Amino acid sequence: MAITPPDATPRDIVRYNRLFSLGLHSLHLRLPNASREQYKACIQAIEPAFRHRVVLCDYFELGDIAGTGGIHLRKEYIDQWRDWQGINRGRVSVSAHSIEELRQLPFVPTYALLSPLFDSISKTNYPAQLNVKECQKYLPQLPFPVVALGGITPERYRKALEYGFSGVAVLGDLAISGEYIEEAFLRYPQPEVLTVAGHDPTSGAGIGGDIRVFESNDTYPLSVCSSITAQNEYDFVSLSPLEEEHPLEALLAHHTPVACKIGLISSLRQGIRIAQKLRQKGVRYVVWDPILKASASENSIHNAFSANEIKEFLSLITLVTPNYPEAQQLFGSTEAFDLSLLASEYQTYILLKGGHENSHKNVSTDLLFSPDGQMARYTVPRTPHDKHGTGCTLSASIVSFLAHGYDLPSACRWGQWRTDAFRRSNSQLLGGHKPVELIEKKLRLKTCHLQYITDSTDLTELLSKAEFALEAGVRWVQLRMKEVSSAQRLEAAFALKKLMQNYLGATLIINDDLETALACDAHGVHLGLGDVSPATARKVLGTSKIIGGTCNTCQDISQRALEGVDYIGIGPYRATSTKKVLSPILGKKGMDVLSKYNQQLPHPIPLFAIGGITPSDFADLASLDIQGIALSGAINHVDDIFATTTAMVETLQQLFTK
């Protein structure tokens with residue numbers, strides 16, 4: 001992980017976006033002398049897609065607005081730890097200068113920074129103060145990972161791990177690199193993760209699939225094969241167990257991965273043996289993906305397990321990830337109350353995967369049960385294409401995020417989103433792990449110059465108008481149905497989505513209805529100033545979905561930039577009958593002020609002018625620094641929607657693609 005220099009400016013912080021794109025997953029925003037406004041400006045300098053990787057060291061309340069990933073409690077803030085407990089609060093880290101300080105902590109943090117391990121690079125006259133022999137002896141005994149800080153360089157990285165640390169935090173070595181910060185960052189190894197699993201010849205699942213997932217999530221894969229399978233993505237034929245003890249012993253003699261996934265095993269006794277060895281060697285997180293039946297077979301791989309073996313195995317692991325049939329076989333129940341009691345009894349997390357639960361046809365919900373009795377729900381839309389290896393993808397992704405310093409609930413949520421992207425990757429049973437969803441989102445935003453907003457409450461009329469607009473070349477439709485029930489809006493969303501699937505590149509946005517956007521798997525949601533916050537929407541929809549907002553002032557734009565929206569509708573340009581309650585009219589002069597303010601942000605946001613706009617306004621608006629125009633009445637209230645919209649699409653393309 002990285003820590004910002006204490007005097008960093010927004011211009012300095014922008015550089016860390018390059019590191020995020022290269023695989024950095026944890027950045028501590030440490031600016032002890034910054035005012036709240038200066039701190040906000042530095043958050044704005046971080047691209048919204050990476051905000052969840054940021055840990056705030058001050059002004060913690062900004063995290064709920066900006067959607068950052070956690071907080072760091074310095075010594076003077078430790079007493080606030082109770083305010084930040086909860087299954088969905090994100091990572092909570094601390095810092096200390098001795099092992100005794102860590103022992104005296106009143107709670108278990110996600111991880112702790114311990115310094116200085118080596119002579120500091122960023123501070124003069126700040127020499128190493130830790131006893132490395134004590135670190136080797138006592139750090140593995142603590143109930144949380146400890147990260148080395150102070151004088152960290154690539155050459156010292158491996159030594160820090162040998163001393164018992166789970167990772168390193170880099171400050172000075174990156175700060176002094178200046179414009180060569182990417183080169184300096186790439187000199188550091190990726191976090192190591194381990195899979196102990198079977199071999200699948202297709203590499204859709206098993207160690208081959210896990211390795212693909214690990215690499216796509218910026219971790220270095222280690223692997224030990226527990227069995228050989230004869231299978232393809234359609235048929236599972238047989239399993240031949242392998243002896244894993246010697247390969248595992250040899251590997252762990254020189255490697256201590258932070259996290260490990262246990263997959264296909266021949267017996268629970270083998271799993272217990274593996275988990276015991278991992279714990280003896282200091283592996284922090286052990287995740288078990290209980291493969292009791294191959295997806296390509298109707299036959300069970302294992303007979304019933306004894307209750308004592310299950311209890312012994314679960315006492316050695318951090319998380320188990322059963323689906324509904326597996327939970328029934330392992331625990332005799334899939335009821336939330338029972339699983340919560342079991343998580344407390346075994347002192348392990350249980351993630352109940354929702355793919356086999358069919359009470360909700362539009363969405364799939366995973367349930368996470370924590371050892372302290374809490375429960376979290378994580379929901380994604382159901383996708384039309386199944387995949388071979390979804391369970392492996394989920395558990396391997398979770399392991400990757402744990403190795404990057406995420407708290408376990410966040411790792412489970414991001415694992416679910418990664419699995420969702422895997423299911424969407426193509427229409428075949430064997431999927432891909434290329435992170436293309438953010439690229440696709442940027443492309444949709446970049447190529448859009450006309451947003452069409454519906455205004456009908458009658459479904460037949462709405463679909464007729466939308467079809468004319470789509471035939472005319474519109475590729476962005478915002479469903480706006482204010483005065484109807486949620487059920488009617490959802491019905492309209494599904495019907496409109498079905499229509500739009502006939503038009504390549506068509507984008508569906510839902511106005512002010514987060515649940516409908518999730519249930520119908522729209523491309524995104526548009527939020528007014530008084531609607532649910534973008535940070536809340538991002539927690540529900542994930543970073544791959546488009547989140548738009550409305551703005552009327554420069555202050556609104558500043559707030560939306562902090563919130564990390566993907567585009568902004570600025571207006572109204574003039575009075576309009578489409579909305580009952582209007583903000584102050586902007587006109588061209590007002591929109592020019594907003595567009596110029598937007599351009600001076602570290603990351604200017606695509607702007608779309610809205611409100612009473614007619615074709616005669618297009619040229620004036622195209623002269624401003626905006627992305628395009630949003631229209632409702634100019635399309636919905638004309639006699640010939642197709643002809644009128646065709647002409648407008650052609651004009652806007654000429655004006656906005658010069």
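What radius of gyration would a compact globule with 658 residues have? The value is near 26 Å, and the protein has 26 Å, which agrees. Here the radius of gyration is taken over C-alpha atoms, and the globule rule is 2.2 Å times the number of residues to the power 0.38. The C-alpha trace spans about 75 × 65 × 40 Å along the principal axes of the protein.

The model is predicted, so local features need pLDDT of at least 70 and side-chain atom pairs count only at pLDDT 80 or more, while totals for chains, interfaces and linings use all residues. Residues are numbered from 1 along each chain as its sequence is written, and side-chain values use heavy atoms, with hydrogens and water left out.

The protein contains 27 helices and 25 strands. Helices (H or I, at least four residues) and strands (E, at least two) are DSSP runs, numbered from the N terminus.

Two strands pair if DSSP finds at least two bridges between them. β1 and β2 (residues 27-29) pair in the parallel sense over 2 bridges. I3 has H28 in β2 as its bridge partner.

Strands β15 (residues 349-352) and β16 (residues 363-369) pair in the antiparallel sense over 3 bridges. L352 stands opposite L367 in β16.

Two helix pairs follow. The axes of α19 (residues 459-471) and α20 (residues 486-500) come within 10 Å and cross at roughly 25°. Axes are lines fitted to C-alpha atoms, for helices over the stretch in contact, and angles run from 0 to 180 degrees between N-to-C directions. α19 is therefore roughly parallel to α20. Angles under 35 degrees count as roughly parallel, over 145 as roughly antiparallel, 65 to 115 as roughly perpendicular and the rest as oblique. The crossing of α19 and α20 is right-handed. A crossing is left-handed if the near helix is turned anticlockwise from the far one by less than a right angle, and right-handed if clockwise. L459, L462, L463, A466, E467 and L470 of α19 meet E491, A492, A495, L496, L499 and M500 of α20. Contact means heavy atoms within 4.5 Å. This contact has 10 nonpolar, no polar and 2 charged residues. Ala, Val, Leu, Ile, Met, Phe, Trp, Tyr, Cys and Pro count as nonpolar, Asp, Glu, Lys and Arg as charged, and the others, Gly among them, as polar.

The axes of α3 (residues 36-44) and α23 (residues 554-563) come within 8 Å and cross at roughly 60°. That makes α3 oblique to α23. The crossing is left-handed. K40, I43 and Q44 of α3 make the contact with S558, A561 and L562 of α23. By class there are 3 nonpolar, 2 polar and 1 charged residues.

Backbone geometry comes last. Most residues other than glycine have a negative phi, and most peptide bonds are trans. A cis peptide bond joins S115 and P116, with omega about -10°. P116 lies in the loop between β6 (111-114) and α6 (132-138). N125 is placed in the loop between β6 and α6. N125 is not a glycine, yet has a positive phi of about 55°. G571 and P572 are also joined by a cis peptide bond, with omega about 5°. P572 lies in the loop between β23 (567-570) and α24 (587-599).
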